[in-house]
Amino acid sequence: MERGEVPRPSELPETRWEWHARFPELGQFLGGWFSQDMPDEFTDHEAAVRDYAVSTDRTLVARVVGEIRELLALGLDEADHAVAVAELGMELEPPGDHSPGSWLSAVADELSGFRPKHV
């Protein structure tokens with residue numbers, strides 16, 4: 001990894017850089033919409049996800065969905081999911097009824113089914 005190589009798909013990223021190299025759009029999403037400022041900007045996690053969906057190019061939304069599904073396919077336990085979202089920039093806990101992994105799965109499902117009204 002010292003030469004700037006992206007980790008192989010079967011390897012679990014170990015450093016913040018490796019997490020962002022492997023999941024760049026997911027890092028933008030989590031770090032941009034779920035920082036400590038989120039409660040000042042949005043009423044809840046769902047509102048932040050909706051804002052992301054309507055304000056972001058559809059191809060980037062599709063990339064985030066793909067990166068979430070790739071992360072979930074690694075078969076991590078919930079402790080590792082918590083590390084992943086933290087390394088990718090999420091500074092808040094998922095909503096109270098979700099673990100990090102279940103919340104990511106719900107977000108991927110929501111973004112997959114989102115259809116902008118102006119299309």
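Which side chain does E46 meet in a salt bridge? The partner is R50, with N and O 3.9 Å apart. Both residues belong to helix α4 (residues 45-55), where they sit four residues apart, about one turn of the helix. R50 counts as partly exposed, at 40% relative accessibility.

Since this is a predicted model, what follows describes computed geometry.

| Salt bridge | N to O distance |
|---|---|
| E70 and R22 | 2.9 Å |
| R69 and D109 | 3.5 Å |
| E46 and R50 | 3.9 Å |

Let's look at E70 and R22, which form a salt bridge. E70 lies in helix α5 and R22 in helix α1 (residues 16-22), so their pairing ties together parts that are 48 residues apart in sequence. E70 is partly exposed at 32% relative accessibility, whereas R22 is buried at 8%.

R69 and D109 also meet in a salt bridge. Here R69 comes from helix α5 and D109 from helix α7, so the pair ties together parts that are 40 residues apart in sequence. R69 is partly exposed, with a relative accessible area of 38%, and D109 is partly exposed as well, at 46%.

The axes of α5 (residues 58-73) and α7 (residues 100-113) come within 9 Å and cross at roughly 150 degrees, and the crossing is left-handed. Among the contact residues are V61, V64, I68 and R69 of α5, together with L104, V107, A108 and D109 of α7. By class, this contact has 10 nonpolar, three polar and two charged residues.

Methods
Residues numbered from 1 in each chain as written. Predicted model: local features only at pLDDT ≥ 70, side-chain atom pairs only at ≥ 80, totals over all residues. Heavy atoms only, no water. Axes fitted to C-alpha atoms, helices over the stretch in contact; angles between N-to-C directions. Helix = DSSP H or I, 4+ residues; strand = E, 2+ residues; numbered from the N terminus. Left-handed = near helix turned anticlockwise from the far one by under 90°. Contact = heavy atoms within 4.5 Å. Nonpolar A, V, L, I, M, F, W, Y, C, P; charged D, E, K, R; others polar. Salt bridge = Lys/Arg side-chain N within 4 Å of Asp/Glu carboxyl O. Buried < 20%, exposed > 50% of the residue type's maximum accessible area, 1.4 Å probe, protein only.
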